[in-house]
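Take a look at the fold shown here. This short report walks through its sheet and some of its helices.

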Amino acid sequence: MAQLRDFWARWGLLHRLLLTVGLCILLGFGVQVYLSLNTSTEEQRQRHQQEVEELIGVLSTLIAEQAIIGDYATIKQFLSSQVKKRQVVQRITWNDGEGGLVSVSGRMQQEIAPLWFVELLNLPKFHVQRDIQLAGTPYGNIKVSITNVPAANKLWYQFLQHTFNLLLVMLSVFISIALVLRVNLKTMQQLSLAADQFGRGDHGVRVHAAGARELHTAAQAFNNMANQSEQLLTQLRASKQEVLEQLNFNMELFDAVPIPVFYKDTDGIYLGVNHAWETFFGISKDEVVGKTLAHIYPPDSDALKHHYHADQKLLNRHEDNQRYEITLPDLPGGEHYALFSKAVYHYTDGQIRGIIGAITDLTKIRQSEQKAQAALLDKYEAEAASKAKSSFLANMSHEIRTPLTAIIGFSESLLDESLTMQERVHATETINRSSEHLLQIINDILDLSKIEANKLETEQTEFALMEMLAAVQSLVSFSARSKGLSFNVQYHFPLPEKVCGDALRLKQILINLCNNAIKFTEEGGVSLSVSYKATTGMLCFDVEDSGIGMSPDQLSKLFNPFVQADESTTRKYGGTGLGLYVSRQFANCMHGDISVKSQLNKGSCFSLQIKTDEIDNVTFLTELPELLVNKYANIKADTGKAVEGRILLAEDNKDNQQLILFYLSKLGATVSLAEDGEVAVQKAMQEQFDLILMDMQMPVLDGFMATRQLREAGYTGAIVALTANAMQEDIDKCLSLGCDQFMQKPIERSSFNAIIRQYLAPATEQAHAEPLLSHLLKDGPEFLDLVLSFIHQLPARMNSLFDAISRHDWQLLSQLVHDLKAVSGGYGYLEMSDMAARLEFILARNNYQSVTRMMRELNALADRIIASENLLKPESNT
Amino acid sequence: MYFMRTCLLFLFTTLTSVVNAAEQSNYFGVINQRSIALTAKYWNPILNYVSQKSGVPLKLRMGKTAPKTTAMTVRGEHAFVYTNHMFTEERDKLGYRVILRMQTPSINAIIIVRDDSAIKSLAELNQQQVAFPHSNAFVGYWVPMDHLMRSGITVQPSYAGNQEGAMAQVHHGKAVAAAVNKQVLERYASRENFSYRGLWTSEPYLSIPIMAHPALQQDKVEAVRKAFIDMKNDVLGQKILKASAAVIKSRKPLEFIYADDKDYSNYRNFYRNTIVNK
């Protein structure tokens with residue numbers, strides 16, 4: 001077997017193919033011939049059988065018929081013709097069954113096929129014998145003998161033909177195979193050689209593609225493979241170099257990463273760290289590579305345990321990556337706060353190879369965070385304050401606009417000629433009230449700005465406590481009465497007669513607390529309780545009301561600036577939300593505080609405590625002084641007398657000019673006007689004035705510079721500054737430049753009058769005793785009789801007025817005054833008409849205290865008119 | 001005398017040889033009315049049955065044509081024969097005697113033309129070709145020719161060889177007319193869907209009898225007669241008769257009944273008086 005294999009192995013493809021193909025062809029031919037011969041033999045046999053059967057079938061009927069006739073000659077003829085016609089029939093014999101026999105034999109045929117072939121075919125020599133019957137009557141039997149010689153000869157010819165075809169095919173196949181394979185074998189040999197050369201390193205070898213498609217394809221494939229392999233090898237060499245460069249780069253990059261980076265294997269052994277890591281931990285790479293966590297952290301340290309457990313989680317696939325912050329106390333430079341970011345890295349097959357980590361030093365970040373957090377808080381506070389300011393501004397806008405609306409609206413309404421005196425009085429009172437409200441708002445805002453600028457200052461001066469309380473009571477009572485509420489002051493004696501502090505601010509606080517109580521009380525009343533704690537030197541004021549009260553939540557934000565109890569309070573009751581805040585700030589400035597107790601729908605109690613400085617030998621009162629009792633009756637009425645003198649008014653604003661001129665005219669002063677500081681300086685230097693009222697904000701030359709120039713020029717007259725700036729520094733500036741006093745805008749009339757009376761002498765009555773003539777007489781004497789008739793009626797009119805006053809018949813008095821106004825104006829006595837109008841205004845305001853004074857003035861005026869009769873009588877003119 | 005002795009000797013020898021021949025082969029002759037194969041299919045089953053029943057082996061033997069069959073009968077080769085050709089004066093003298101006949105209606109001679117023929121009468125057949133089975137046929141030649149001749153009609157006879165052959169000639173237009181056995185014609189026409197018109201029909205003659213050779217032993221003759229007659233009473237015999245009737249497309253089985261020479265005296269009389277061949 002082995003020898004056979006060896007033998008076969010030495011055979012080339014061509015020989016193998018030829019042998020195989022030849023054998024296959026032979027085998028195929030043999031099988032085909034065998035099957036063909038078998039088939040042909042069988043076919044022959046069947047054909048012969050069939051032919052004989054057919055013959056017998058044909059002959060049977062014929063023979064039977066002829067047998068019936070007895071024509072044996074015809075029968076023989078039939079048989080002979082059939083034998084001649086059918087080569088395979090060797091003999092036909094008919095036996096009539098009665099001894100008669102007709103037999104015919106065919107011609108012997110030449111046997112061409114060799115005996116072996118005939119024996120191989122095994123063609124049967126057979127005969128067929130059949131009984132002849134016709135309609136059940138036998139007519140002997142017929143026997144047909146078949147010869148196989150023709151079949152054998154035919155099959156032999158077929159065999160020879162097949163053999164010839166076989167040889168022809170084999171020859172053709174062999175030649176074709178040889179021709180085809182020759183070229184292809186050459187290509188295969190070339191492929192073999194080329195592969196061998198390529199394997200030995202000759203990467204440039206290529207095969208010429210020739211031969212069959214498959215070999216062509218194989219050669220091309222080899223060439224492509226060689227090309228790609230050569231390319232790949234080239235790329236591989238390049239890649240190897242690139243990898244080396246990349247590795248080097250990676251290591252340098254690793255070292256260049258500014259944050260500590262490390263990697264270790266699954267046993268926790270450090271495989272590599274970068275420069276930043278070395279610096280961070282103060283350990284060199286050589287010291288840590290090959291070591292574990294225990295080499296870096298102290299044994300049993302929290303950091304060691306933390307890191308170890310974290311590593312285990314990663315390695316056990318409980319996590320894919322980690323981030324955790326940890327405090328590292330034992331590092332160069334002290335405690336550090338770090339963020340560890342770790343993850344596993346893998347082999348290409350997915351197995352965990354180790355852990356890689358980066359450390360972010362959060363120490364500075366944490367510090368920055370804290371700073372940022374503080375800044376954020378500040379920002380939030382600022383935003384909150386800004387928001388509150390925005391809300392405040394919005395609210396202020398409303399608060400400011402609201403009274404302004406009333407002021408503007410009612411001012412305009414006063415121009416309406418159809419208004420009644422009552423309506424005019426109402427409009428004027430509304431304007432006054434709204435103006436005071438607006439002034440309060442502005443004062444609150446100014447106080448707030450002082451607080452925010454840390455310029456809130458309080459005075460420490462001695463003042464009479466009772467007088468201050470009387471002023472408060474007077475003001476608050478009026479407001480309470482207006483709302484139908486009661487207001488009373490409870491004095492818990494003993495109380496110091498004088499205290500040292502800021503009376504103005506204290507009064508402001510108390511007025512604010514009381515007005516708030518009145519504002520939030522609908523029925524009942526407000527009480528102010530005053531007490532003094534000698535042990536602590538604290539003055540205590542409790543303002544209690546029976547109002548709407550507040551909830552704890554409202555109480556918590558009550559003293560916040562710009563915040564009222566809640567938004568609904570603002571909407572319903574108005575207000576800026578600054579009063580309590582400012583009041584508390586003032587209280588704090590006065591070493592005190594304001595606290596509050598309140599129950600919703602029950603009422604509130606605001607408690608003010610301030611520290612008063614000690615006053616030597618201060619008197620403690622045990623009861624209310626009598627003076628204060630009387631002073632409660634009247635606060636607003638002006639009881640000041642007229643003055644005489646010249647005043648220079650330096651004011652550029654027309655409205656303020658009109659207002660101040662009005663005030664001064666009522667006082668009786670003579671006024672010269674300067675519209676800017678330069679004019680004011682000129683007039684002051686050229687004319688004599690008892691007083692200069694200097695507005696500080698003027699064009700061309702402001703009040704400050706004008707005052708300085710006057711003082712530098714040697715002017716010594718009184719200069720009172722008119723300023724809208726309420727800041728102390730502005731006031732100080734005014735005084736330092738030479739002003740004797742300042743008057744704050746908006747001008748409060750009583751204060752204004754008081755200041756004017758300080759610098760101008762009271763007016764004498766004589767100045768007012770000259771006869772007063774009618775303006776009608778200016779146009780001619782035709783109205784003389786009318787004027788004289790008025791003069792004659794005037795005493796009676798005056799008596800009627802006094803009579804009405806004595807009977808307190810204010811309605812009659814109003815009617816009489818109204819008539820006097822109209823009549824006196826009609827008769828040309830405009831001064832009397834104007835005075836009557838003022839009296840009518842006073843009566844409309846129910847200011848009956850001022851009626852006496854006005855009547856006195858009206859009566860004086862009437863005397864002057866009556867005195868003029870002497871001048872008007874004709875006798876007087878002669 | 002010498003002549004008479006010679007004739008008698010000849011006759012004796014012939015008859016003896018015939019008898020011997022007849023006895024040895026018991027040939028049963030059938031006058032040619034159809035093809036030999038059809039005749040064999042019809043008669044062989046009957047003959048086999050009769051052979052078995054009578055114990056007298058019968059074998060169909062006939063000539064290619066009716067004349068040849070008649071010649072065989074005349075030579076005494078037939079022990080029994082189904083023919084009506086033996087009633088001529090000369091053949092009557094041979095001594096064949098009637099023993100049976102088929103229980104069939106009498107046979108008639110009929111001269112026919114195709115149904116679509118233009119010939120409407122016998123007279124129009126004058127000088128026309130008329131097909132006859134053969135010159136020995138009784139109703140197929142002698143009777144119709146006698147009538148034609150007695151009618152003064154001269155025709156040109158053509159011999160088809162057998163009854164159906166003559167019918168076929170008219171059927172297929174080879175002859176304008178034919179003179180055939182009417183009963184045979186009817187069976188042929190039914191089988192072959194042949195439409196014809198009869199120009200003349202003869203008086204009825206009994207159907208063709210079965211005659212026995214005068215030299216046969218009477219017991220044998222009787223046995224054969226009895227077997228033929230008893231066929232209709234035997235289940236097998238009925239079956240064979242029915243099958244044979246089907247061969248020739250006859251609706252009824254052709255039973256055999258007793259007959260003798262007296263029944264066929266009119267044949268003899270015809271042959272004595274006919275003007276055919278005279």
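In this predicted model, five strands of chain A form an open sheet in the order β6-β5-β9-β8-β7, with antiparallel pairing. Two strands sit at the edges: β6 and β7 of chain A each pair on one side only. From one strand to the next, the twist averages 20°.

Helix α9 of chain A packs on this sheet. It touches β5, β7, β8 and β9 of chain A. The direction of α9 makes about 175° with that of β7(A).

Strand β5 of chain A runs antiparallel to β6(A), and three bridges join the two. Here F262(A) stands opposite V273(A) in β6(A).

Now for the helices. Helix α5 and helix α6 of chain A pack with their axes 10 Å apart, at an angle of about 15°. Angles under 35 degrees count as roughly parallel, so α5(A) and α6(A) are roughly parallel to each other. Their crossing is left-handed. Which residues make the contact? From α5(A) they include L191(A) and F198(A), and from α6(A) they include L215(A) and F222(A). By class, the contact has ten nonpolar, three polar and no charged residues.

| Helix | Residues |
|---|---|
| α2 (chain A) | residues 13–69 |
| α5 (chain A) | residues 149–199 |
| α6 (chain A) | residues 213–256 |

Helix α2 of chain A has 57 residues. From first C-alpha to last it reaches 80 Å, close to the 84 Å expected at 1.5 Å a residue. Just after α2(A) comes G70(A), with a positive phi of about 90°.

Key:
Residues numbered from 1 in each chain as written. Chains lettered and ligands numbered in written order. Predicted model: local features only at pLDDT ≥ 70, side-chain atom pairs only at ≥ 80, totals over all residues. Heavy atoms only, no water. Axes fitted to C-alpha atoms, helices over the stretch in contact; angles between N-to-C directions. Helix = DSSP H or I, 4+ residues; strand = E, 2+ residues; numbered from the N terminus. Parallel < 35°, antiparallel > 145°, perpendicular 65-115°, else oblique. Left-handed = near helix turned anticlockwise from the far one by under 90°. Contact = heavy atoms within 4.5 Å. Nonpolar A, V, L, I, M, F, W, Y, C, P; charged D, E, K, R; others polar. Expected span 1.5 Å × (residues − 1). Pairing = 2+ DSSP bridges.
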